[in-house]
Amino acid sequence: MHMTVERVSYLHEEEIAELMNVIKHSLHPDDSGEALIVRRALALVRNGAVDSYTYDSVEEKILVKIGGVEIVDVKISFNQLNTECTCSHNGWCAHRTAVVFHLYLQFHSLTDWVHEWRRTEAEQLVLTISDRTPEAWNDVLTRLTRPLRTIELQENPAVFIHEFSLIDQKAIPLAPFEWEWKPLFDVYYRLQALDAAWPYVYAHLGDNESSFSYGKWYVKNWVTDQLRKLHDSVVALSTKPKLFSTDAFHEQLKYMVRTFTLKNTGLFNERFQAYRSFWEHLFTENALRIKELEILKEEETTEAVILITLFDILNGDHEQLSDIAGLVTLDNFTNWLPLADLADVEGDTESLAAIMRALLPFIGEHLTQSVQIARRSVFVRKIDGLLESANFPEDERENMFSYYGETGVDVYADFLVERERFHEWAALMHRYNVSYDAAEAGGLKIALSEDPAAVLPLLHRYATGFINEKNRQSYRRAVKLFKKMKTGSKKSGKSEFWNRYVDTVRDKNRRLRALMEEMEKGNLNL
């Protein structure tokens with residue numbers, strides 16, 4: 001027979017309370033899948049999807065129809081305290097949970113129950129974290145970051161960011177109260193979060209940097225932010241006096257960061273960045289580095305070799321660096337670049353030269369095959385800067401510009417200006433049809449000051465281009481260029497040449513009245 005939900009709730013208040021208790025201990029807020037069941041159940045209740053109660057007073061069972069995209073039937077036996085649902089989900093599904101929530105809601109606050117459900121889990125985490133051991137910390141942080149491990153790889157990045165924001169909020173009360181322990185806890189937390197999220201991060205970013213989407217941008221920013229915070233906490237930890245009670249935590253950190261770096265896949269530069277932070281700032285004792293090297297040598301991977309090379313740079317072991325030439329390939333080219341950056345920061349010219357010598361044969365091919373067109377100019381400038389810091393011969397550096405092509409024009413232009421090779425600079429501007437604004441922002445002013453004769457033909461081309469636009473504003477720009485050419489001709493002792501040049505321009509363009517007016521105002525003759 002049909003019965004109102006209020007009547008059913010009144011008759012079986014104790015059984016409903018027991019079912020709510022079962023839900024409380026069966027579904028955990030720190031599990032993303034189980035938390036989703038609760039959220040969907042709440043949505044069904046709020047949307048009025050739970051309806052049409054049929055009650056069997058003999059067997060004390062109810063049959064409830066739940067509307068929505070598909071209609072399902074839920075049976076609850078109050079005698080046996082078991083539930084059934086026509087959906088395919090085993091155990092507590094959103095439909096069964098929604099029916100129990102709807103019954104409970106008739107005489108209690110469902111909002112208060114949900115808050116208590118979430119608070120209880122948080123209190124359990126706090127109680128566990130109070131046991132100050134690396135094992136206890138990792139146990140709690142693994143449970144805390146579980147939603148990042150279980151999230152679907154195809155899930156929208158906005159959902160990923162939201163899940164992490166919830167985790168971040170839960171992590172705040174878990175941090176130790178004592179300031180000496182806060183950076184250490186944050187290091188553990190950031191490492192756990194990065195490790196938990198890595199499959200999802202790599203699935204969205206991959207190793208291909210040529211594609212772009214807003215979702216990819218969100219995930220990239222998240223990784224960058226976490227690595228920055230991890231680095232800051234490591235540096236903060238290294239500046240504080242080390243407590244005897246933290247020895248076990250530091251020992252565990254070596255294992256954690258090594259495992260994170262070597263056992264995960266893809267985005268090696270980001271993993272290397274985390275590993276470098278620890279061994280450059282926190283674990284600086286020679287004995288610790290020797291022990292770590294012994295462990296790395298047992299790993300038979302190229303990535304482990306790169307980490308070994310990291311220690312060669314930190315320790316100034318130049319003999320070992322001479323062997324890396326045979327290890328660099330086009331496929332792992334980008335994995336070696338961070339080592340060059342490190343050697344440059346350390347001011348270790350010898351190490352930098354060895355690394356760049358190994359990278360040299362692959363630079364041109366990597367540029368054309370793997371670097372986005374929009375980022376090629378930045379890449380060329382970086383490579384040329386590293387070659388300069390490594391004291392490469394200038395002819396070798398200059399030969400590399402033949403590989404760079406048009407993307408290296410601005411860098412090559414700076415190279416020529418620095419060496420006061422202004423005729424070649426002007427020829428470069430001509431060859432690649434560099435705009436006047438770009439040339440002026442580059443070396444034009446320096447060239448006019450040092451060797452004006454070298455750039456007069458280039459300025460003539462720019463002035464002619466402005467005249468051909470045939471508007472007064474462009475004529476004014478052309479006259480400004482003529483004034484610069486006038487100053488350069490006077491400085492070069494070519495006054496007679498300049499006056500003939502101005503007269504020729506007037507004769508050729510005498511029908512352009514506005515140009516003639518601007519040239520008269522400019523007083524261009526010497």
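Close-up 1. Cys-87 is buried, at a relative accessible area of 18% (buried means under 20% relative accessible area, exposed over 50%, and partly exposed in between, with a 1.4 Å probe and protein chains only). This is a predicted model, where local features need pLDDT of at least 70 and side-chain atom pairs count only at pLDDT 80 or more, while totals for chains, interfaces and linings use all residues. Residues are numbered from 1 along each chain as its sequence is written, and side-chain values use heavy atoms, leaving out hydrogens and water. The cysteine sulfur closest to that of Cys-87 belongs to Cys-85, 3.4 Å away and too far for a bond. Cys-93 is buried too, at 2% relative accessibility, and its sulfur sits 3.7 Å from its closest cysteine sulfur, in Cys-87, again too far for a bond. A disulfide needs a pair of cysteine sulfur atoms within 2.5 Å, and the count here is zero.

**Close-up 2. Aromatic pairs.** Rings of Phe, Tyr and Trp (its six-membered ring) pair if their centres lie within 6.5 Å; planes under 30 degrees apart are stacked, over 60 edge-to-face, and the rest tilted. That rule gives 28 aromatic pairs. Take Trp-198 and Phe-260: their ring centres are 5.2 Å apart and their planes stand at 80 degrees, so they meet edge-to-face. Trp-198 belongs to helix α9 (residues 182–205) and Phe-260 to helix α11 (residues 247–263), so the pair ties together parts 62 residues apart in sequence. Helices are DSSP runs (H or I, at least four residues), numbered from the N terminus. Elsewhere, Trp-137, Trp-181, Phe-185, Tyr-188 and Phe-249 make up one aromatic cluster.

Close-up 3. Arg-397, Met-400, Phe-401 and Tyr-404 are the buried residues here. Looking down the axis of α20, they fall within an arc of 115 degrees, so they line one face of the helix; the arc is taken from the directions from the helix axis to the C-beta atoms. On the other side, Ser-402 and Tyr-403 are exposed. The cover over the buried residues includes α18 (363–370), α19 (376–389) and α21 (409–418), where contact means heavy atoms within 4.5 Å. Phe-401 and Tyr-404 sit three residues apart, about one turn of the helix. Just after α20, Gly-405 takes a positive phi of about 65 degrees.

Close-up 4. A salt bridge here is a side-chain nitrogen of Lys or Arg within 4 Å of a carboxyl oxygen of Asp or Glu, and the whole structure has 36. In one of them, the closest N and O atoms of Asp-195 and Arg-149 are 3.5 Å apart. This pair links helix α9 with helix α7 (residues 146–150), 46 residues apart. Lys-220 and Glu-270 meet at 2.8 Å, N to O. Lys-220 lies in helix α10 (residues 214–239) and Glu-270 in helix α12 (residues 268–282), so parts 50 residues apart in sequence are tied together. Lys-220 is partly exposed at 34% relative accessibility, whereas Glu-270 is buried at 13%.

Note on methods:
Helices (H or I, at least four residues) and strands (E, at least two) are DSSP runs, numbered from the N terminus.
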